[in-house]
Amino acid sequence: MSSIVYSNKFLIWSKKNLFSSWINTLLTVLSIYFIYEVSVFFLDWAVFKADFLTNFRGERIIDRTFCSKNIEPGSYGACWAIIHVRFYQFMYGFYPAAEVWRVNLVFFLLPFALVAIFFDKVPFRKYLLYFTLAFPFIAFYLLYGGPSLTTVGTNKWGGLLVTLFLGVTGIALAFPLSIALALGRRSNMPIISLLCVIFIEFIRGVPLITLLFTANVMLPLFLPDGVSPDNLLRALVAVTLFQSAYMAEAIRGGLQAIPRGQIEAARSMGLTYWQSTRKIVLPQALRISIPPIVNTSIGLFKDTSLVLIIGLFDLLGIGRAALADMTWTKLYYEVYVFVAIVFFIFCFAMSRYSLYLEKKLKTDNSS
Amino acid sequence: MSEQVITLEKVNKWYDDFHVLKDIDLVVNKGQKIVICGPSGSGKSTMIRCINRLEAHQEGKIFVHGTELTGDLKNIDTIRREVGMVFQQFNLFPHLSVLDNISLAPIWVKKMPKKEAEEVAMTYLEKVKIPEQALKFPGQLSGGQQQRVAIARSLAMNPKIMLFDEPTSALDPEMIKEVLDVMIQLAEEGMTMLVVTHEMGFAKTVADQMIFMDEGNIVEQASPSEFFNNPKNDRTKLFLSQILNH
Ligand SMILES: Nc1ncnc2c1ncn2[C@@H]1O[C@H](COP(=O)(O)OP(=O)(O)OP(=O)(O)O)[C@@H](O)[C@H]1O
Ligand SMILES: [Mg+2]
């Protein structure tokens, strides 16, 4: 009964939107045909004709010569064994296997650290927020080492670990910096406001890759002789500065949406500039700016893959390294599709979250 | 002699080269209720906003409780604590509940413990007759209720002087009375009040002094009976005839 109603609804909808005129009908048919062909081809390649751990003869694949497509003429299925063989590196880079539980623990704890930021109605939110504050220190201790944990230098880090580290840490560090920049840009003090404008516009006018090179070359010049910050830290500085400029503009948009009367009311009751900023302006401005902040964060997360240029092995860097291995070479599609899927999962999640927030803001405001 | 709580001496203010306030002299004594009226753009808002320094004046002197208003931030903060202000657009904080709106300043400015501040907030909500709205958000209240919350919010800081800038002109007619009633009650309790309003009925009920402003000048200052029955200035006469006849 309900399925009849449902399919009826679908018929009405499709008549109105897909087949309203002959040109619309033609486009619909062509699109469906195109989507069908592409997905059949892709599924054939990625699943039905693909090798996973063994080839069509049932042999375990230990290098590229075992892939079905390299044995049987006319066979074109993916050879996913390269991902399997390199999976550890894709996740952790060259992190020592004996210590890898530390990375796994951080991956496991990360959602708990994030959930209280992303959702305001989780149980025990207050305690989770304390955990969020402590998490950077816990994560650093676990990943890098310290008292009673052996040190694992960042040159051993790689793969998803580096991608997530740069993405999450970059965004987290950029957040307070961007608030300061956005407030500074609107400050009454001309010097401060000018400095913030110059910083923001300079960073936004330069490609991230230039910043990465610059950080790589310039950072050691600012530090005392003998202190050489490691490559990952240099990349982190560049990524953070880059992201903070974009976030600052998103937050400035939110600040502009706050009516002057809000600040006047707060100030007229005797609240100081900082009190009214913290209690009145920022809570309202940030709520409005979260969707654009998430959008710039998606961009940044993908851009972290540029660090392979300065010799870091993020997810994409590990993929390139896998392809450079003579025994596995030429499996480009498998590697790039896998890397793309991993990036897509994270970016899609962020994008859905941003949509959820926009909807939530709308309903909150109309109440 | 009664105590002077606000003194303006030859106050001048410009927006760029636009002269908004021209040689304003004004004395407000403790407990006085002064109603200010005048055509749009005459500088009424600007004048009362100078008193708690939401706007800075460029020439002349303003004293509030003997403290001169200068760029000195300490003085400004002290004065703002003693001067409450109610705005035409209410300016409640939409992200805070009614209770939090009112207890915010006592907690952060007076460093009152949260519980005590909430009790204070409740007493003032009772005073403006909407204690049952304490847990709602501003967006859920009518305009008249919002303005009464705004009044309670100012009163919670226990100010010695209240400034009102057209508190009822954004309200639907049926809500004006509930706000004016609260203001009349406040006047009866002896609050010093400066009210910009065109509600002449209210003015006749509570004002000790009427002020008429035009083009940045205080054109006429008189007791209400003088002001309404026997205005001296032609512009005042014209203004009164316009406002009372419509
Ligand atoms: N921030 C500002 N910059 C420039 N001009 C301003 C500013 N604020 C007000 N003015 C101008 O100063 C004049 C006086 O404004 P004010 O708001 O004090 O008038 P008002 O008497 O309160 O008028 P209304 O009855 O419309 O509220 C107006 O001409 C206005 O355009
Ligand atoms: Mg005005």
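In what order do the elements of chain A run from the N terminus on? They run α-α-α-α-α-α-α-α-α-α-α-α-α-α, where helices (H or I, at least four residues) and strands (E, at least two) are DSSP runs numbered from the N terminus. The model is predicted: local features need pLDDT of at least 70, side-chain atom pairs count only at pLDDT 80 or more, and totals for chains, interfaces and linings use all residues. Residues are numbered from 1 along each chain as its sequence is written, chains are lettered from A and ligands numbered from 1 in the order in which they are written, and side-chain values use heavy atoms, with hydrogens and water left out.

**Chain A**

- Chain A has 14 helices and zero strands.
- Along the principal axes, the C-alpha atoms of chain A fill a box of roughly 80 × 70 × 40 Å.
- A salt bridge (a side-chain nitrogen of Lys or Arg within 4 Å of a carboxyl oxygen of Asp or Glu) links Glu201(A) and Arg185(A), with the closest N and O atoms 3.1 Å apart.
- Glu201(A) belongs to helix H8 (residues 190-204) of chain A and Arg185(A) to helix H7 (residues 160-185) of chain A, so this pair ties together parts that are 16 residues apart in sequence.
- Over all chains, the structure holds 25 salt bridges.

**Interface of chain B and chain A**

- Contact (heavy atoms within 4.5 Å) involves 24 residues of chain B and 19 residues of chain A.
- The buried area, meaning the accessible area (1.4 Å probe) that two parts lose on being put together, summed over both, is about 1800 Å², and carbon and sulfur atoms give 61% of it.
- On the chain B side, Arg80(B), His95(B) and Trp108(B) lose the most area to chain A, together 31% of what that side buries.
- Two salt bridges are found across this interface; in a salt bridge between Glu264(A) and Arg49(B), the N to O distance is 2.6 Å.
- Helix H2 (73-82), strand E6 (83-86) and helix H3 (98-108) of chain B each give two or more residues to the side that touches chain A, and H3(B) gives the most, with three residues.

**Ligand 1**

- Residues around ligand 1 (a heavy atom within 4 Å of it) include Tyr15(B), Phe18(B), Val20(B), Pro39(B), Ser45(B) and Glu166(B).
- A backbone N or O atom of Gly41(B) lies 2.8 Å from an oxygen atom of ligand 1.
- Polar side-chain atoms also lie by ligand oxygen atoms, at 2.7 Å for Lys44(B) and at 2.4 Å for Thr46(B).

**Strands of chain B**

- Strands pair if DSSP finds at least two bridges between them; an open sheet of four strands in chain B has the order E2-E1-E4-E5, with antiparallel pairing.
- Strand E2 (18-29) and strand E5 (67-68) of chain B stand at the edges with a single partner strand each, so one side of each lacks a neighbour in the sheet.
- Five bridges pair strand E1 (residues 4-15) with strand E4 (residues 59-64) of chain B in the antiparallel sense, and Lys61(B) in E4(B) is the bridge partner of Glu9(B).
- Strand E9 (residues 209-214) and strand E10 (residues 217-222) of chain B run antiparallel, joined by five bridges.
- E9(B) and E10(B) form a hairpin with two residues between them, and Glu215(B) in the turn has a positive phi of about 50°.

Methods
Polar contact = N/O pair within 3.5 Å; in protein donor to acceptor, adjacent residues only side chain to side chain.
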